[in-house]
Amino acid sequence: MAAAAAGLSWRRVSSFTGPVPRSRHGHRAVAIRELLIIFGGGNEGIADELHVYNTVTNQWFLPAVRGDIPPGCAAHGFVCDGTRILVFGGMVEYGRYSNDLYELQASRWLWKKVKPQAPSNGSPPCPRLGHSFSLYGNKCYLFGGLANESEDSNNNVPRYLNDFYELELQHGSGVVGWSIPVTKGILPSPRESHTAIVYCRKDVGSPKMYIFGGMCGCRLNDLWELDIETMTWSRPETKGTVPLPRSLHTANVIGNKMYVFGGWVPQSAGGEISAPDGEWKCTGSFSYLNLDTTEWIGLISDCQEDKSNSLPGPRAGHCAVAVGTRLYIWSGRDGYRKAWNNQVCCKDLWYLDTEKPLAPSQVQLIRATTNSFQLKWDEVPTVEGYLLQLHVDSPVAGIPGTGIPETSVLSSQGSGCSLHQSPQSLPSVPYPEMKVDHPSQTNNLIPNNVQVALSSSSKVEGKEKVAATENKVTWDTMRNHADATELKESNAPSLLPVCASSAQTSANVGELHDLDKQSVNPDASVSSTVSSTQTMVTQQAVKTESSSTNGAVVKDETSLTTFKSKSEAAETAYVTPSARVKTGQTNDSHSSRAPQRPLAPVKTRDRRWCDVGIFKNNSAVVSQFYLLPEETLNINSKTEGADVPDYRLLKKQDLFPGTVYRFRVAAINGCGVGPFSKISEFKTCIPGFPGAPSTVKITKSVDCIHLSWEPPASPSGNILEYSAYLAIRSTQLQENPSQLVFMRIYCGLKTSCIVTAAQLSNAHVDYTSRPAIVFRISAKNERGYGPATQVRWLQGKVTVTHS
């Protein structure tokens, strides 16, 4: 099968929630982040609703639009610029076409009819359908389409167009006007229902528009190129097999490839261009044009029959949208009965991953115990899971375990861990006949055979918990619409929350608001705790992220010391003999039983990566890992993208106290396992030391901030004192950005302290995820200092004074 040979893995979305739009054709769609926004189309009348599909939660919803709501239309122009969408023309009823222009501010679901100035050298575009409407920079390019020569809409006299217009946009909202560019070369022939995309090579930097196919009484498969800088038309020479002539197909750019799917093609087997009355059919063919080499590559042929339902069926007039490197296809018509009201429309939604996913961020530490880690990493868009791996060093002698080292310059790996998100509120994918290894943890682990298809049928388990604030509405408004359960009964958009406890929303606080050129109300605040997943709203301007990590304290009154990491050559890893490993046990991250220390040391150069497992979401509680099979003990580390073993055949090993573990993570999609992240290194706690302080809160006053916390849940004795630290700027940090330098700002028995403006003026702003000032707080008992709780105080617009 051609698709299999090309490594394609189409997935049909079989489970979704919300009001599913009726099937149709002639509709258009764009993507804003993870949302597909679909408008118009026809089937039993022209549709006028705006439908949105959240590709993360697999939810359809109908946003409450307002303003100058346009009439329903089909075969219209539809482009997206940031969070605004422009709609031009299309058929508003049979035989009657439009040349109206509408703008939708999607962050507020606000429609506005806009009236661009007419061109100085001609008339504005006439009413039309089936035209192309492409965006590059601050300009839209309109080409061709079909007009009705008759003034009587019941008497349709088609006229194919090849006129070319440029529409200049204003920044943020509104338009300037139409112009008719003066072009060189031969203009493409008149056509409608063609495709047009814009591509700019990274090495050359000259944007090009490519027009392919279309209809002008017969179907076309010619390719035209417009150099946008010189406004020169040309016919590029191509290699490979050109796709059959077609119309009502789709073309999308992902990377340096233009993917062409479906459409109407000639019925004749030879593929000759049909006469006006020739027979034609829908196709499910799929090809791409390498835009750097102009070579056509066929992926699914026109004559290919797929009886296993593993490929999208033939269709025309569908929509196709790229979300990152993933291509989505929805609806369209799959048959023709020579009458408008007799079209047969598909009802299916498909997606295809075209490339392996990018590497995730480094693994970050939320909390360490004597025999477990709570970890997270940044989400990678459009992936189906994450492969987490570790390898182990020997326990480090000297300073008591995970207690805080006697020094205060530590790696910043592990910073930036957000506890805004609740694992229970994240979207999860149901996996049939799978058991979670650790029932007491919300790992979302896929423990056994990873060859199981990672389904796209996400379901949200539980309603998202949100805390409404009086904020200006931002991009999060759109997300909250998508994640809401009672979609049609949602509040007015201006009252929707900006901050929420779900990973889909909380990650955007102070980050995504610039998409709509608005700012989050500075009075909005979110405080997170390290002891629970509850999100609280305070009255002050506070935005924090919390994590627990091995902090930095000093026993004397010195405010700054240095930290030198152990040399790699001095490290030793231990492997537990397989005979000592007990399998089939349920892992308990809170167990006080320490596993028996392994006996056989292995030199550093022989260390190998072991799988922790595959996780659906970007967080994990790790208390065990899978040992490599005996026959692979002398084999080097697993290569990127290699097949993941069947975990049911592997033995497990518990984590040891006081042991250093290295972690890396890779994302998985339909193309396989992507590259691994950079390596992070964390150490389990030693019994007897206090746990990390919990429930950290930050409140802001005029000239200082108040930092407070609660004692550790496991003090392991009497708490003698607490120390709080602030990450500061230093020349050492400039030389090694992966290390944070901390200054102690408090030492005492109280569970709160004041951080003065003078201290804050010296703070380092950490940009590992979002701009933040970093604090660490740790507790000391008779054994010494335990691990620190790290808090990242988010800075929407960095206002820290740099001396």
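Trainee: R792 and D766, buried or exposed?
Mentor: Both R792 and D766 are buried. Buried is under 20% relative accessible area, exposed is over 50%, and partly exposed is in between, using a 1.4 Å probe and protein chains only. This is a predicted model, in which local features need pLDDT of at least 70 and side-chain atom pairs pLDDT 80 or more, while totals for chains, interfaces and linings use all residues. Residues are numbered from 1 along each chain as its sequence is written, and side-chain values use heavy atoms, without hydrogens and water.

Trainee: How do the side chains of R792 and D766 meet?
Mentor: In a salt bridge, at 3.1 Å from N to O. The criterion is a Lys or Arg side-chain nitrogen within 4 Å of an Asp or Glu carboxyl oxygen. R792 sits in strand β59 and D766 in strand β56, 26 residues apart. Strands are DSSP runs of E, at least two residues, numbered from the N terminus.

Trainee: What is the salt-bridge count by this rule?
Mentor: 18.

Trainee: What about R326, which partner does it have?
Mentor: E384, with the closest N and O atoms 3.8 Å apart. R326 is in strand β26 and E384 in the loop between β31 and β32, so the pair ties together parts 58 residues apart in sequence. Both R326 and E384 are buried.

Trainee: New topic. What is the strand order in the open sheet of four strands?
Mentor: β2-β3-β4-β5, with antiparallel pairing; two strands pair if DSSP finds at least two bridges between them. β2 and β5 are at the edges with a single partner strand each, so one side of each has no neighbour in the sheet.

Trainee: How many bridges between β3 and β4?
Mentor: Five. L36 has Y53 in β4 as its bridge partner.
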